[in-house]
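I opened the notebook to record what I looked up in this structure.

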Amino acid sequence: GGDVASSRAIAELLARTSQPGEPGGRPAGVLRNAYSAANQRVFDAALSGQGTRKMQTTLTTLLLSPGEVHVAHVGDCRAYRLRGDTLELLTTDHTQVMEMLRLKLITPEQAADHPARYALTRSLGADVIVRADIGREALIDGDVYLLCSDGLWSKVDASEIGAALRDGVRSACEQLVELAVQRGGEDNSSALALRVHAAGRPPEAASGWKRFFRS
């Protein structure tokens with residue numbers, strides 16, 4: 001049911017983020033509402049017999065606006081940013097292994113092949129309510145972003161991701177997916193990359209009494 005869950009979630013996300021008059025018109029509010037609606041759609045689809053009874057999906061999103069990128073995330077797909085020569089991971093995996101690492105119950109070396117490394121602690125469709133991680137980052141000319149599934153990032157390391165993105169976004173996805181498949185490819189390997197050519201400037205923040213009337 002993963003294919004059904006992911007298609008329902010993406011359809012709901014695109015419908016919600018393409019409506020200019022969506023309630024909570026700021027990007028963070030739009031994404032929060034979209035993730036809530038996507039979660040409900042997957043949950044309801046499972047109850048009505050579409051897909052499988054307990055189907056779930058992960059979802060990682062970049063919403064670009066002038067001078068800013070808004071990142072929304074649930075699950076274990078990842079968003080990376082290459083700025084200059086520095087590659088940065090913008091998301092945190094919602095997995096049992098990541099939680100154990102955070103609590104220092106295991107080492108990074110143990111996490112690499114831990115049997116619970118694919119066990120999700122958060123996903124769309126698992127529960128009636130979902131909590132999405134939503135953040136905002138500055139957007140500048142030349143930034144390169146990569147969205148990828150766990151079937152890809154679990155088979156390649158950060159240095160290989162950075163090197164591929166430096167070669168160009170057109171070839172990076174093919175290079176990384178091919179490398180992941182060569183190294184086993186036990187899971188779906190998906191990737192999407194983009195380069196920012198003109199970031200623009202974010203709107204000036206309202207100050208004083210004007211902030212109460214911001215739409």
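**Entry 1: ground rules**

I am working with a predicted model, in which local features need pLDDT of at least 70, side-chain atom pairs count only at pLDDT 80 or more, and totals for chains, interfaces and linings use all residues. Residues are numbered from 1 along each chain as its sequence is written, and side-chain values use heavy atoms, with hydrogens and water left out.

**Entry 2**

I noted how elements get their names: helices (H or I, at least four residues) and strands (E, at least two) are DSSP runs, numbered from the N terminus. Two strands count as paired if DSSP finds at least two bridges between them. As background, I wrote down that strands of a sheet pair through backbone hydrogen bonds, either parallel or antiparallel.

I looked up an open sheet of 3 strands and found the order β1-β2-β5, with antiparallel pairing. The edges are β1 and β5 (133-138), each with a single partner strand, so one side of each has no neighbour in the sheet. From one strand to the next the twist averages 20°. For such angles, axes are lines fitted to C-alpha atoms, for helices over the stretch in contact, and angles run from 0 to 180 degrees between N-to-C directions.

I then took the pairs in turn. β1 is joined to β2 (residues 68-74) by 7 bridges, and the two run antiparallel. In this pair Leu-59 stands opposite Val-74 of β2. The hairpin of β1 and β2 has 2 residues between the strands, and Gly-67 there takes a positive phi near 75°. On its other pairing, β2 is joined to β5 by 6 bridges, again antiparallel.

I checked burial next, where buried means under 20% relative accessible area, exposed over 50%, and partly exposed in between (1.4 Å probe, protein chains only). In β1, 6 of the 7 residues are buried, so this strand is largely enclosed by the rest of the structure.

**Entry 3: His-70**

Where does His-70 sit? I found His-70 in strand β2, opposite Arg-136 in β5. His-70 is buried, with a relative accessible area of 4%. I also looked up its distance to Asn-39: His-70 and Asn-39 are 31 residues apart in sequence and 19 Å apart in space, C-alpha to C-alpha.

**Entry 4: the sheet of four strands**

I found an open sheet of 4 strands in the order β4-β3-β6-β7, paired antiparallel. Its edge strands are β4 (86-89) and β7, each pairing on one side only. The twist here averages 15° from one strand to the next. β6 and β7 pair antiparallel over 5 bridges, and Val-144 stands opposite Arg-195 in β7.

**Entry 5: cysteines**

How many disulfides does a search of the whole structure find? The count is 0, where a disulfide is a pair of cysteine sulfur atoms within 2.5 Å. The sulfur of Cys-148 has its closest cysteine sulfur in Cys-77, 7.4 Å away, which is too far for a bond. For Cys-173 the closest cysteine sulfur is in Cys-148, at 9.0 Å, also too far for a bond. Cys-148 is buried at a relative accessible area of 4%, and Cys-173 is buried at 16%.

**Entry 6: pockets**

I wrote the definition first. On a 1 Å grid over the protein atoms alone, a pocket is an open set of points with protein on both sides within 12 Å along at least five of seven lines, and lining residues have an atom within 4 Å of a point. Grid points are joined across faces, edges and corners, and a volume is the space filled by probe spheres set on the points.

The largest pocket has a volume of about 830 Å³. It is lined by 30 residues, and the closest to its centre are Ile-10, Thr-58, Leu-59, Thr-60 and Cys-77. α1 (2-17), β1 (59-65), β6 (144-148) and β7 (191-195) each give two or more residues to the lining. The largest share, 7 residues, comes from α1.

The second largest pocket has a volume of about 510 Å³. Of its 23 lining residues, Arg-78, Ala-111, Ala-112, Trp-153 and Ser-154 lie nearest its centre. The largest share of this lining, 3 residues, comes from α3.

Key:
On a 1 Å grid over the protein atoms alone, a cavity is a set of points where a 1.4 Å probe fits but cannot get out, and a pocket is an open set with protein on both sides within 12 Å along at least five of seven lines; lining residues have an atom within 4 Å of a point.
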